[in-house]
Amino acid sequence: VETVAERLAELYPRLRITYVDDGYFGDDGAPARADAIREAGVDILFVGMGVPKQERFIGEQWERLGVSIAIGVGGSFDV
């Protein structure tokens, strides 16, 4: 994730990228993670937690997330 963020920052210097490289949290931690995303002012959220966890997280936390777009990307950052 860090490498992807660095590369995007090089290509698009005005792009503000925020990321957390730890997607390993239990269901009980999902609301707090969603609240942190909302508080960070995220517009577009890429969730790389794998299927079906990422889809479940997005669906269950949608109202808390406060994002315009959320996309499950699986292991795309690794590729």
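Good morning. Arginine 7 and glutamate 10 stand three residues apart in helix H1, so about one helical turn separates them. Helices here are DSSP runs of H or I with at least four residues, strands are runs of E with at least two, and both are numbered from the N terminus. The side chains of arginine 7 and glutamate 10 form a salt bridge, with N to O at 3.4 Å. By salt bridge I mean a side-chain nitrogen of Lys or Arg within 4 Å of a carboxyl oxygen of Asp or Glu. Arginine 7 is partly exposed at 45% relative accessible area, while glutamate 10 is exposed at 57%.

A word on the source. The model is predicted, so local features need pLDDT of at least 70 and side-chain atom pairs count only at pLDDT 80 or more, whereas totals for chains, interfaces and linings use all residues. Residues are numbered from 1 along each chain as its sequence is written, and side-chain values use heavy atoms, with hydrogens and water left out.

How many salt bridges are there by this rule? The count is four. One of them pairs aspartate 35 with arginine 64, whose closest N and O atoms are 2.8 Å apart. This pair links distant parts of the chain, since aspartate 35 belongs to helix H2 and arginine 64 to helix H3, 29 residues apart. Aspartate 35 counts as buried, at 17% relative accessibility, and arginine 64 as partly exposed, at 36%.

Aspartate 35 also has a polar contact of 2.9 Å with arginine 38, side chain to side chain. A polar contact is a pair of N or O atoms within 3.5 Å; within protein, one must be able to donate a hydrogen and the other to accept it, and residues adjacent in sequence count only if both atoms are side-chain atoms. Arginine 38 in turn forms a salt bridge with glutamate 39, the closest N and O atoms being 4.0 Å apart. Through shared partners, salt bridges join Asp35, Arg38, Glu39 and Arg64 into one network.

I turn to helix H3, where glutamine 54 is placed. Is glutamine 54 buried or exposed? With a relative accessible area of 2%, glutamine 54 is buried. Its side chain reaches the backbone nitrogen of methionine 49 at 3.1 Å. Apart from neighbours within four places in sequence, glutamine 54 is in contact (heavy atoms within 4.5 Å) with Val47, Gly48, Met49, Gly72, Val73 and Gly74.

Finally, the largest pocket. A pocket is an open set of points, on a 1 Å grid over the protein atoms alone, where a 1.4 Å probe fits, with protein on both sides within 12 Å along at least five of seven lines; lining residues have an atom within 4 Å of a point. The largest pocket has a volume of about 1200 Å³, a volume being the space filled by probe spheres set on the points. Its lining consists of 34 residues, and Thr18, Tyr19, Val20, Leu45 and Phe46 lie nearest the centre. Helix H1, helix H2, strand E1 and helix H3 each give two or more residues to this lining. Which element gives the largest share? That is E1, with four residues. Thank you.

Terms used: Buried < 20%, exposed > 50% of the residue type's maximum accessible area, 1.4 Å probe, protein only.
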